[in-house]
Amino acid sequence: MNRSLRPLVATALIFAIAYALAVMQFPSMFSTRVLGNFLTDNAFLGIAAVGMTFVILSGGIDLSVGAVIGFTGVLVAVLISWAGVHPLLAFAIAIVVAGAFGAIMGLAIHYLQVPAFIVTLAGMFLARGGASVITRDSVPINHEFYAWISDLTIRLPGGGRLSIIGLTMVAIFIIGALVAHRTKFGSYVYALGGNPVSASLMGVPVARTTVAIYALSSVLAALSGIVFSLYTSAGYPLAAVGVELDAISAVVIGGTLLTGGYGFVLGTFIGVMLLGLVQTYIIFDGTLSSWWTKIVIGILLFLFIVLQRLIFVASAPGEKTSKA
Amino acid sequence: MTDGQYALEARGIVKIFGNHVALDKVDFGLRPGEVHALLGENGAGKSTLIKILTGAYQPTLGDVIVDGSPVTLNNPQHAQTHGIGTVYQEVNLLPNRSVAENLYLGHQPTWFGFVDRRKMERDARTVLARYGLNIDPSSELGAHSVAVQQIVAIARAVELSGKVLILDEPTASLDRNEVERLFDIIRDLKAQGLAVVFITHFLDQVFAIADRVTILRNGKLIDTKSLDNLTRTDVVRLMLGKDIAFSGATQLEENRPLGEVLLDFKGYGKKRSVMPFNLTIHKGEVVGVAGLLGSGRTEMARIMFGADSADEGTVSVAGKPTSISKPTDAIAHGFGFCPEDRKAEGIFGDLSVRENIVIALQGKLGWFSALTRDEQMEIAGRYGESMDIRAASLDMPIKLLSGGNQQKAILSRWLATDPTFLILDEPTRGIDVGAHAEIVRTINRLRDEGLALVVISSELDEVVAYSSRIVVMRDRELVAELNGENINPGVIVQAIANHKDGVQT
């Protein structure tokens, strides 16, 4: 396990150093208020990134995440505002729809042997297109349930507030970590990412696992969409464009190997927090263009990919010689 | 022995792929507490038989019998429930997971749905101890040597099945000490009453560990024998199918004058691949390479062509020292190479016959002098005719051609580059008799035209028929060079089997 722990340690160190530097410059960044907002502002990204972690651990990729977030937002908003459905029922419908959507992508990936990249790219266009067909405009949500949830916060000493959506993200991360590291399903996910041929020879139910992984990713994307709609109190078909790429970045920065098989859910959490930190810093600074976020993310990603290469190439045990 | 005593038996197995008979009424019986070697050259049907015994294939005819009752094995997992476990040449485990998880994946002990890692690692430790492995079960499998991984794979197979263990070339990537360690484990398992099938290309290992041997050739059962009263030479003879009277050297080339020296390899070799060898090749000469599969024949061909680069020794072409570290170097010197695995390394299946023929010439000409379509047609047509490639059209995908015609197209590909030296690795494998004769004729014609050729083949009659000289490979080493009347199957078989039998070189 040592090898795969190293990127995680590196991420944690970089986060600690970056945070310390930021606090030295802006002491007010060290407060429960900022920390609380950290969780709230990045909740939707974090939840989607947990699903993405499973997908990437299994050696796949899911490009449909952002589109599913947008679609869910619109679906929920339309169900609540136009059809008068109770939000909780709307949430349930959205999650079931997304689960089926992800399962179908998983079926296509396994049975048609089409690369996940292509299948989820198609899924991305379908979901984004579907959302735009329902409505082209932003649909506001005015429901007392939304107002009630937004008010439901835990006050922290120092003026910070822990919102429900921030707590939801933390809970998802904890559950995700338990599933990934402590269940048979989790071990199958890693097995697929390690070597799918060996995995199937060792009796891993490859079809079932693949379908479950993509269904899980879509369900979490839908949950992320729900959180996003709570965050913005609206549904907009072009919301969360490119969030899948942020999620992939968070997963990779968090130390998960992009080719699968190695990584931790906790790493993704730190990855999300690191991305959030960069954004918060730029807001605090006030003079920097927000596009600097992208540049910093680009540098971080590049750094981590190089780091992983070094770690995994340097310590790879002697490769077998060519076949007899 | 009566049938009831077999732990696993195959009776009258026939397996047909398309119109190719891979196995023809093969019987195979495995007793508990024996190590049973399965031998045969490539294409003999070993792997097909193994796949049937492990449930990966279904036999066309015949029965698989476990403990006296016929069973249908749907897949390897299903075979596992009948007690049949398999370990493959390439370790089919997960290098990214812990040793313990590799032992128990799919069968992990759970506690309220969660994997009980502590119990799993404790169990793993006791299991591994039985195999003499004192490693941390929570460590990553990939951090251990291939030998340890192989032992873990065996432990997993035995733990999950426990009656029959099939080892498919388990020693291919192990060194001598590791092989010994593996053999100790196999002996232990045998003492515990496990039935072990052992597949290898190394005869030494067969004699070191196996009790009985079953030999397949061309899909047919040749014999199942106890190894006690067999010699190495007997086994090689059975494998290669030579009921050789030790006489009658084929006096083909007695006084043929040698051409000038074209190639001179001195101490040429590559670590872990081929021991250094010396070989001089003249113009207008066919050097046959004989040896069992895995003896280093193909590796030798590959480093001659630069497909693998040599790490010691020198080579000179027409008297000038040079270096051949990649195929483009070799092609620049006028080399050509028809590889053994035609489908994977030879043809571009989806490209047309024409494109397959001109591709090496185009590669030699470089990017900036593209052959026009007319030129391509002209070249392809010329060779299509002279080599008698039978294709409905030269523009059809080459994968639709028969093996013999594909081989002729690949030969044409190199002939189009006007080579001085051709390496043919098993040029006649898997092609029909007519095409076979034609390839042999072509080899003779090219030699008469002054080309130098190195031809690797397991067909001894064939090597003997066209070679001016024969080199014999054994255990990755060039062990003999045969000339004149020593060019006969009997001497070759002895040289392959054991140099101690006294082959004068």
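A crossing of two helices is left-handed if the near helix is turned anticlockwise from the far one by less than a right angle, and right-handed if clockwise. This model is predicted: local features need pLDDT of at least 70, side-chain atom pairs count only at pLDDT 80 or more, and totals for chains, interfaces and linings use all residues. Residues are numbered from 1 along each chain as its sequence is written, and chains are lettered from A and ligands numbered from 1 in the order in which they are written.

**Exercise 1.** Describe how helix 5 and helix 6 of chain B cross.

Step 1. Locate helix 5 (residues 146-160) and helix 6 (residues 176-191) of chain B. Helices are DSSP runs of H or I, at least four residues, numbered from the N terminus.

Step 2. Their axes come within 10 Å and cross at roughly 15°. So helix 5 of chain B is roughly parallel to helix 6 of chain B (angles under 35 degrees count as such).

Step 3. The crossing is right-handed.

Step 4. Residues in contact have C-beta atoms, placed from the backbone, within 7 Å. Helix 5 of chain B contributes Ile151(B) and Ile154(B), among others. Helix 6 of chain B contributes residues including Leu182(B) and Ile185(B).

**Exercise 2.** Trace the pairing of strand 16 of chain B.

Step 1. Strands are DSSP runs of E, at least two residues; two pair if DSSP finds at least two bridges between them.

Step 2. Strand 16 (residues 312-317) runs antiparallel to strand 13 (residues 261-270) of chain B, with 5 bridges. Glu312(B) is the bridge partner of Gly269(B).

Step 3. Strand 17 (residues 320-322) of chain B is also antiparallel to strand 16, through 3 bridges. Here Val317(B) stands opposite Lys320(B).

Key:
Axes are lines fitted to C-alpha atoms, for helices over the stretch in contact, and angles run from 0 to 180 degrees between N-to-C directions. Angles under 35 degrees count as roughly parallel, over 145 as roughly antiparallel, 65 to 115 as roughly perpendicular and the rest as oblique. Two residues are in contact if their C-beta atoms, placed from the backbone, lie within 7 Å.
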